[in-house]
Amino acid sequence: MIDFDTAFQALDPSYAGYVHHSVVCHSNCQSAAGIGTNYINLSMLTQGVAADLCDQDFQAVFDVLTTEVIGGSQLACEFEIPPPPDGMDFNPDQVNLEFDDGMGGVLEIGRVDSVLDCPNVVDGWYYDDPDAPTMILMCPQTCDKLQNSASGSISIQFGCASVPAG
């Protein structure tokens, strides 16, 4: 187990600090040449979770993995323009972007003409190509700010005149 840990970390410096989680049978760990014991020990060495396969209760591992996946994800800052709702044509001047922080707060993000205008506003978004837009891009400062939200979401809305960034 220590040999594996040393060899694994030697493969790439970015592997340092990895966490190993395992799901193995705890009650009969000596079977299959001690493989279960090795996995349990590796999980303990790396501060991972070792769930017991025989108990069929994997919630502890799932909870840790869910937290790590969600915690490691960030809100996107570029969005393909979705098709407008049925019966509506896409009008690039009738698109708005809203950020919901997941805790009851909603921020209307105004539109700028291009990335060059981003430094002049607190929050903003722009099209990848103003003449033939396919993507909505958030200004860098807006992106940085919103990516700190653990439970936020972006809503693209059609039908009302685009709100200019202020």
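Which residues of the largest nonpolar core touch the most other members? Here are a few friendly notes on that and on the rest of this predicted model.

1. **Overall layout.** The protein chain has four helices and eight strands. Read from the N terminus, the elements follow the order α-β-α-β-α-β-β-β-β-β-α-β. Of its 166 residues, 30% count as buried.

2. **The core.** To come back to the opening question: the largest nonpolar core holds 16 residues, and L97, I109, W125, I136, M138, L146 and I154 are the ones touching the most other members. Two or more core residues come from each of β4 (95–100), β6 (125–127), β7 (135–138), α4 (140–146) and β8 (153–158). The top contributor is β4, which supplies three residues. As general background, nonpolar side chains in soluble globular proteins tend to be buried together.

3. **V112, a loop residue worth a look.** You will find V112 in the loop between β5 (106–109) and β6. Is V112 buried or exposed? V112 counts as buried because its relative accessibility is 7%, and the cut-off for buried is under 20%.

4. Which residues form the negative surface patch? They are E78, D128, D129 and D131. Of these, E78 belongs to strand β3, which covers residues 78–80.

Terms used
Residues numbered from 1 in each chain as written. Predicted model: local features only at pLDDT ≥ 70, side-chain atom pairs only at ≥ 80, totals over all residues. Heavy atoms only, no water. Patch = residues over 30% accessible without salt bridge, like charges linked within 9 Å, V, L, I, M, F, W, Y side chains within 5 Å. Areas by Shrake-Rupley, 256 points an atom, 1.4 Å probe, with all protein chains shown as cover. Salt bridge = Lys/Arg side-chain N within 4 Å of Asp/Glu carboxyl O. Lys, Arg positive; Asp, Glu negative; His and termini not counted. Charge placed at Lys NZ, Arg CZ, Asp CG, Glu CD. Core = buried A, V, L, I, M, F, W, Y, C linked by side-chain atoms within 4.5 Å. Buried < 20%, exposed > 50% of the residue type's maximum accessible area, 1.4 Å probe, protein only.
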